[in-house]
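Hello,

Have a look at it first, and then read on.

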Amino acid sequence: MSQGYLLGLAVVAIAVLLVLVIAFKLSAFVALLLVSIGTALAGGLALDQVIPTLTGGMAKTLGSVAIIVGLGAMMGKMIEESGGAERLAAAFTGKLGVKRVIMAVTAAAFILGIPVFFDVGFIILAPIVFGFAKVAGINPLKIGLPVGIALLAVHVAVPPHPGPVAVAATLGADLGLMTIIGIACGIPMAVVGYFVSRKMKLDKVEIGASPAAAAMRGSVEDITSRPGPGAGTVLAIILIPLALIMAGTTGALFVPAGSLAQRALSLVGAPIFALLVGVALAYFLIGSKEKWGLAKRSSVLDSALDTVAIIIFVTGAGGVFANVLVETGVGAALSDLLIGVGMPVLLMGYVIALALRAAQGSATVALLTTAGLMVSAVQAGGFSSMQVVLIALAIGFGGFGLSHINDSGFWIVTKYLGLSVADGLKTWTLLTTICSLVGFGAVCLLWLIA
């Protein structure tokens with residue numbers, strides 16, 4: 001297949017998918033599978049490889065997402081059902097005031113996101129976002145979108161997240177310096193995400209059936225006036241899993257590789273283990289506070305899976321489409337085209353990562369692929385330690401933008417917040433792209449003085 005054909009195929013596939021979902025209102029899950037099969041066939045995959053490519057993409061995506069989403073939803077459901085999120089929100093809103101709530105939650109998400117993967121952080125914080133929105137009487141999108149931006153900013157730029165760590169290792173960038181500069185550049189991205197989302201006409205956006213819509217029902221006064229878990233209990237249930245993940249990701253850096261301590265930390269700090277601890281804490285602490293019987297506790301946990309089933313399936317289908325684009329060679333064709341243009345190395349790293357992010361969806365894959373393509377140019381360029389770090393961050397911020405329908409994160413954010421595909425493109429995709437440019441702009445400014 002020629003380079004032009006593959007790139008044209010990707011454009012047509014995405015256009016058809018958007019038409020099916022937006023114009024014909026077809027289920028996103030079905031539309032993704034149909035377009036994936038058509039793209040695989042048009043892209044020259046052997047007939048007997050089409051279905052294995054689809055199932056492989058589903059397995060790769062759900063292997064990391066399904067358990068995390070399920071456990072996170074269970075923990076959130078226990079907090080939501082007991083009114084714990086509203087009590088926590090009421091306590092903080094009373095001290096901070098309504099006007100400071102969104103900024104405070106966004107800042108907390110940025111800090112908490114440093115040791116926590118994007119999807120895990122968003123799922124853990126979702127019930128708190130909805131609780132704050134209900135207490136403050138504001139649209140949950142006004143908190144959920146900037147929180148997502150803050151989490152994604154550190155996910156693509158700050159170690160110990162896998163993408164930045166792998167890019168640093170490939171290019172030979174200093175991890176400590178990358179952490180400091182990545183945080184410094186990520187802050188203005190989170191700030192811009194906060195202010196741009198405030199300017200969006202989010203009150204006119206319809207919130208469909210979702211965890212956000214479910215959490216906004218009911219009276220805050222009715223919830224907070226009855227007995228139940230206090231703000232401290234809810235905060236502990238949320239922070240303990242985050243602390244475990246932090247211990248696993250950062251503690252492993254200070255113990256010998258392959259040691260018993262390192263293996264123990266890898267277990268304790270695994271998001272699945274940490275969330276399982278959070279579910280257990282919610283089961284016992286909230287169940288006791290609410291005086292729920294064992295059957296009631298179990299039914300609350302199981303009911304959470306009904307809410308997130310569509311999120312899990314659509315996220316998996318997004319992974320199917322992304323895998324088809326990779327296997328047909330679309331990503332390789334795009335990167336080859338951009339390398340042949342001969343851009344300055346900083347701009348090339350950003351543009352290739354941005355293009356690969358748009359082409360195949362995964363930010364981490366975009367970062368890893370771009371770093372591999374750029375390593376020879378970086379090694380031959382005689383760049384300073386600071387400049388290598390800035391190139392690595394340019395790649396990271398390229399992987400931040402253009403999150404759309406082939407990105408599992410797009411589906412997690414939009415389905416949790418109750419956004420349609422069209423509204424997701426107008427809000428989340430636009431926000432990620434604007435903030436991506438802000439991050440790259442900060443890198444360019446630092447390059448001038450490096």
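Which residue forms a salt bridge with Asp407? The partner is Arg357, and the closest N and O atoms of the two are 3.0 Å apart. A salt bridge here is a side-chain nitrogen of Lys or Arg within 4 Å of a carboxyl oxygen of Asp or Glu. Asp407 sits in the loop between H19 and helix H20 (408-417), while Arg357 belongs to helix H17 (residues 345-360), so the pair ties together parts that are 50 residues apart in sequence. Helices are DSSP runs of H or I with at least four residues, numbered from the N terminus. Asp407 is buried at 8% relative accessible area, and Arg357 is buried at 2%. For these labels, buried means under 20% relative accessible area, exposed over 50%, and partly exposed in between, using a 1.4 Å probe and protein chains only.

Before going further, please keep in mind that this is a predicted model, in which local features need pLDDT of at least 70 and side-chain atom pairs count only at pLDDT 80 or more, while totals for chains, interfaces and linings use all residues. Residues are numbered from 1 along each chain as its sequence is written, and side-chain values use heavy atoms, with hydrogens and water left out.

Back to the charged pairs: the count comes to four salt bridges. One of them joins Lys142 and Asp203, with 3.1 Å between the closest N and O atoms. Lys142 is in helix H7 (residues 141-157) and Asp203 is in the loop between helix H9 (175-199) and helix H10 (211-215), so this pair links parts that are 61 residues apart in sequence. Lys142 is partly exposed at 25%, and Asp203 is exposed at 56%.

Another salt bridge connects Lys77 and Glu81 (3.9 Å, N to O). These two are four residues apart in helix H3 (residues 47-82), which means they are separated by about one helical turn. Lys77 counts as buried at 17%, whereas Glu81 is partly exposed at 32%. Through shared partners, salt bridges join Lys77, Glu81 and Lys296 into one network.

The largest nonpolar core has 147 residues, and Ile143, Leu171 and Tyr416 have the most contacts inside it. Such a core is a set of buried Ala, Val, Leu, Ile, Met, Phe, Trp, Tyr and Cys residues joined through side-chain atoms within 4.5 Å. Leaving out residues up to four places away in sequence, Tyr416 touches several others, among them Phe122, Phe130, Val308 and Trp411; contact means heavy atoms within 4.5 Å.

Val308 is also where helix H15 bends, by about 50°. That bend is the angle between axes fitted to the seven residues ending there and the seven starting there. H15 (residues 294-327) has 34 residues and reaches 48 Å from its first C-alpha to its last, close to the 50 Å expected at 1.5 Å a residue. The expected span is 1.5 Å times one less than the number of residues. After H15 comes Gly329, with a positive phi near 90°.

Leu390, in helix H19 (residues 385-398), is buried at 0%. Beyond residues up to four places away in sequence, Leu390 touches Ile181, Leu346, Val443, Leu446, Trp447 and Ala450.

Finally, the cysteines: with a disulfide taken as a pair of cysteine sulfur atoms within 2.5 Å, the count comes to zero. For Cys185, the nearest cysteine sulfur is that of Cys444, 9.9 Å away. Cys185 is buried at 2%, and Cys444 is partly exposed at 25%.

Enjoy exploring!
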